[in-house]
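This briefing concerns the pairing of charged side chains. Please consult the sequence and the structure shown below.

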Amino acid sequence: LAGNLTDEQRAFLFDVDKGNTVYEQAYIEGFMGGELFDLPAGPIGAALGFHVRHDEINDVPGEITRSANAWGSSSAGITQGSERTAEIFTELSIPVLKDMPFAYGLDLSLSGRVTNTKTSGSASTYKVGVNWEFLPDVRMRATTGTSFRAPALFELYLADQSSFASQRTVDPCINWQQNLTDGTISQRLADNCANPNGPGGGVPGTHNGAGSSATLFEGGGLGQLEPETSTAHVIGLVWTPKFINFSAAVDYFEIEIEDQVTSLGSRTVSACYLSDNFPTDPVCSQFVRNEGTHRIDTISGKFINIAEQTNRGIDFTARYAHDLPWGDRFSIDGQATWQLESREALFADNIVDTLGEVGNPQFVGNLNLQYERGPWTGVWAVQMIGHQGNYASYGSDTATVGGQEVYLKLDAPFTAFHSFSVRYDAESWSILAGVANLFDERPPQLTTLNLGEFSTVGTSAFTSQYTEGMYGRRGFVRISKSF
C-alpha cells in the first residue's frame, strides 16, 4: 500500500509499548573499632562489623513485548527475583617490630569475611598483608587474599527472552570460499567452516546466509550459576627518600578468577569457528546450525560460568614534586603496567592467550606534568599504549587477493595521546579549559578482516585504549561555582 494505510489499519499495526523496571535495596550495617592493647612496637588495632542486605528486581516489559507481538523485534518475560546477603567481617592491624636493625618497621594486617547468600550459599574470604621497612626509606609490601561475588539479580533471574540477529552478523562462514580468495578470512577459518565434523556438518563455500534471521535466546542462570571466586597475590618495593620529594614503587601481581559470570550472546558462533580447539570446544554446542539450509537457527546466550581467567604483570608508579625558589611548584607522576600473562578459558582445558594482540597490549602507561603558579595550574597529560599485533594468531602476514599475494597490516604500533589543560581557582569558583588529543592522533589503521581477530571502525583499531583517538582533537571548558 506504499504507506497509504487507513486509520483502522494503523490502529491495528502500530502501538506504543512501555515497560517498567524497579530495583529495591534495603540494608543495615554496623561496625566498631579501636585499639585492643599495646605491644612493644605499638598498639593493636581491631575492627568488627556486619552487613545485612536485601535486593529485589521486578522488570516488567511492555505487553506487546511480553506477548512477542512486535514484528521483527525481541520478546521478553518478567524478570523478577530477590537476593538476601548477610556478612560479618573483622580486621586486625598488628605492629610486630619497630626501630630495629633491618626492621625499622614491620606491620601485619589480617582480615576475614564470612558471606551467606540465599542463591549461592556461603563462602569465607581473607586477606593477609605485610609492610616491612627493612632499610631506611625502603619497604616491602605484600598481600595475598581471596574474593567472592554472587551472581547479580539480572544474571540470575533474567526471564527467557528472544531476539533476532542477521545471519551476516553472527555467521563467519558466509561465502567463506570467496572470502578466502579475497584474503578477507584466514585459511584456518575456511578449514573450520568446511569441516564436516563441525556444527550441522560442513558449510558449503557458497553459502550466502539468505533467509530468516538467527534466534538468540537469553536468560538467567538461577540454579546453574556458581559464584565468582578469585585469588590475588601482590608483592612490591616502595622507596620514599627523605632528602627529596620523590617516591617510587614497583609491584608484581598475579590474579586468578574462577567461574566468572558472562554471556557470549551473538559472539558464540564466531567463538566456536575461531577456537583453537574446533570442533570439540564446548562453545560449539551453544548454537544450532540447520543441516539442510546451513543457516544458524538458534543461539543460546544464557549466562554461564567461564572456567578461569588469569592475569600476571608488573605495576610501576613514581612521583616527584619540587617547590621552586620563586614560589611555584612543579610535579611529575607516572604509572605503567607490563602484562606478563593474560589467559582465559571459556570452558575447562580450552585456554586462549591473547596477550599482545590488538585490544590486549602488554604495556600501557600514563604520564602527567603539572605546574602551579598562584591560582593557576597547568597540566600536560600523556596516555601511552604499547605495540600490539595479531600476526601470530592469524598465522601469516600475507593473503591472496584476486590471485595476487598482498601484505597485511595486523599490528598497532606504540601510540601516545597528549592533552593539555589550564585551571584558574578563585575563592568560590574555578574555570578549567583545555584540549584533549592535542595532536589529533588517530587510532592505528589495520587491514580489515573477517577473522574475529580484532574489531575495527573503518580501518582503525576499535578498542578501549584508543578512545581518545576515536573522538579526535576536541576542546573543553568547565566552570564550577560553590555556594
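A salt bridge is defined here as a side-chain nitrogen of Lys or Arg within 4 Å of a carboxyl oxygen of Asp or Glu. The model is predicted, so local features need pLDDT of at least 70 and side-chain atom pairs count only at pLDDT 80 or more, whereas totals for chains, interfaces and linings use all residues. Residues are numbered from 1 along each chain as its sequence is written, and side-chain values use heavy atoms, with hydrogens and water left out. Across the whole structure, the search finds 16 salt bridges.

**Pair Glu-308 and Arg-343**
- Glu-308 forms a salt bridge with Arg-343, and their closest N and O atoms are 3.6 Å apart.
- Because Glu-308 lies in strand S13 (residues 304-323) and Arg-343 in strand S14 (residues 329-345), the pair ties together parts 35 residues apart in sequence; strands are DSSP runs of E of at least two residues, numbered from the N terminus.
- Glu-308 is partly exposed, at 23% relative accessible area; buried means under 20%, exposed over 50%, and partly exposed in between (1.4 Å probe, protein chains only).
- Arg-343 is likewise partly exposed, at 26%.
- Salt bridges with shared partners join Glu-308, Arg-312, Glu-341 and Arg-343 into one network.

**Pair Arg-113 and Glu-87**
- A salt bridge links the side chains of Arg-113 and Glu-87, at 3.2 Å from N to O.
- Arg-113 belongs to strand S4 (residues 103-117) and Glu-87 to strand S3 (residues 79-100), so this pair ties together parts 26 residues apart in sequence.
- Arg-113 is partly exposed at 31% relative accessibility, whereas Glu-87 is buried at 16%.

**Pair Arg-474 and Glu-468**
- Arg-474 forms a salt bridge with Glu-468, with the closest N and O atoms 3.2 Å apart.
- Arg-474 is partly exposed, with a relative accessible area of 29%.

Note on methods
Helix = DSSP H or I, 4+ residues; strand = E, 2+ residues; numbered from the N terminus.
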